[in-house]
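Let's take a friendly walk through this model together.

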Amino acid sequence: MTRAAVVAAVGSALPASVVSNEDLTARLDTTDEWIRSRTGITRRHVAGAEQSTSDLAMRAAAQALTSREPEHVDALVLATTTPDRCCPATAPAVATRLGLTGIPAFDLAAGCTGFLYALATGAGLITAGTARTVLVIGADRLASLPHPDDRTTVPLFGDGAGALLLRHGTADEPGALGPVVLGSDGTGADLIRADHPGALHMDGADVFRHAVDRMTTASRQAATAAGWDRGDIDRLVPHQANSRITAFVARRLGVPADRQLSNVAEVGNTGAASIPLLLARASSDSRLEPGHRTLLTAFGAGLTWGALTLTWPDLTRTRRLEGARHDR
């Protein structure tokens with residue numbers, strides 16, 4: 001059988017502090033209706049000054065590890081745009097806090113597409129035989145990037161983290177990551193940029209156009225590589241930038257509304273954490289069930305984009321099987 005990386009567990013973490021649209025309208029020249037109609041966002045979680053990206057990453061990873069309790073983790077990949085420091089990388093500190101000192105751990109920066117890049121990297125470590133289990137985390141504190149008085153960008157972003165544990169397996173089993181499509185275009189680097197916290201710039205109209213075009217194309221390529229027709233997509237899991245982008249991508253792909261997953265209303269744009277946060281939420285509330293043919297797609301600063309396919313596994317069954325092995 002062909003070696004593959006298989007999803008074994010999922011975890012998530014959100015800051016306790018919630019900022020509603022009403023909270024923002026009290027200090028910004030905007031309205032709840034303006035924010036909702038353009039983004040679909042009603043609230044977002046925002047980390048306090050004492051809560052770092054590594055704090056959120058550690059919490060999400062710990063939840064994933066607790067849910068499965070693997071014998072060992074061989075590597076950790078952290079996708080983030082907001083590391084704790086410019087140097088050193090944040091991933092080694094997260095690994096050590098998880099009790100995983102000694103394993104390879106590194107950051108990966110690819111904007112909001114970072115989690116898909118990280119999944120592809122983790123899968124590569126497994127298929128190459130370098131690792132048997134890889135912890136892949138997406139964590140960002142994007143709420144810190146806009147200028148606090150910028151009414152066009154402040155409402156968009158929230159903070160959070162999500163994690164998937166990948167294990168070695170075979171390509172024919174549920175949870176195996178399918179073909180991955182990734183891309184970038186540096187000519188659009190200035191469309192989304194932040195030279196330092198509080199100085200985020202985003203060209204909304206061009207970003208919207210590129211996001212819809214790139215996510216649609218990558219999604220079609222990934223589905224075709226997996227041998228799927230458009231009707232085979234049971235669940236579309238797009239990066240949660242705003243609800244209008246999701247609607248346009250889904251329409252072009254022919255995915256009906258009841259097959260589109262979203263949590264942007266509750267969390268906003270959480271960057272590299274967006275897709276794993278949505279997977280964790282949807283799997284816990286049964287919107288994402290075992291056997292669903294699932295398409296992940298994202299677009300972000302860089303410009304970067306990507307898509308991949310998998311059939312969602314029964315993570316409860318995975319935990320039962322692992323428990324049985326441990327009892328022997």
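Is the crossing of α6 and α7 left-handed or right-handed? The crossing of α6 and α7 is right-handed, where right-handed says that the near helix is turned clockwise from the far one by less than a right angle, and left-handed that it is turned anticlockwise. Before going further, note that this is a predicted model, in which local features need pLDDT of at least 70 and side-chain atom pairs count only at pLDDT 80 or more, while totals for chains, interfaces and linings use all residues. Residues are numbered from 1 along each chain as its sequence is written, and side-chain values use heavy atoms, with hydrogens and water left out.

Helix α6 spans residues 204-225 and helix α7 residues 243-253; helices are DSSP runs of H or I with at least four residues, strands are E runs of at least two, and both are numbered from the N terminus. The axes of α6 and α7 come within 9 Å and cross at roughly 40°, with axes being lines fitted to C-alpha atoms over the stretch in contact and angles running from 0 to 180 degrees between N-to-C directions. The two helices α6 and α7 are therefore oblique to each other (under 35 degrees is roughly parallel, over 145 roughly antiparallel, 65 to 115 roughly perpendicular, and the rest oblique). On the α6 side, the contact (heavy atoms within 4.5 Å) includes Phe-208, Val-212 and Met-215, and on the α7 side Ile-245, Phe-248 and Leu-253 are among the residues.

Now turn to Thr-53, which sits in helix α3 (residues 53-68). Thr-53 is buried at 2% relative accessibility (buried means under 20% relative accessible area, exposed over 50%, partly exposed in between, with a 1.4 Å probe and protein chains only). The Thr-53 side chain reaches the backbone oxygen of Thr-82 at 2.6 Å. Beyond its neighbours within four places in sequence, Thr-53 has contacts that include Thr-80 and Ala-139.

That leads us to Thr-80, in the loop between β4 (75-79) and α4 (91-97). Thr-80 is buried too, with a relative accessible area of 5%. Its side chain reaches the backbone oxygen of Ala-139 at 2.7 Å. Setting aside neighbours within four places, Thr-80 also has Asp-107, Leu-108 and Ala-272 among its contacts.

Our last stop is Thr-113, in the loop between β5 (105-108) and α5 (114-127). Thr-113 is buried, at a relative accessible area of 0%. Leaving out neighbours within four places in sequence, Thr-113 is in contact with residues including Phe-299, Thr-304 and Trp-305.

Notes: Polar contact = N/O pair within 3.5 Å; in protein donor to acceptor, adjacent residues only side chain to side chain.
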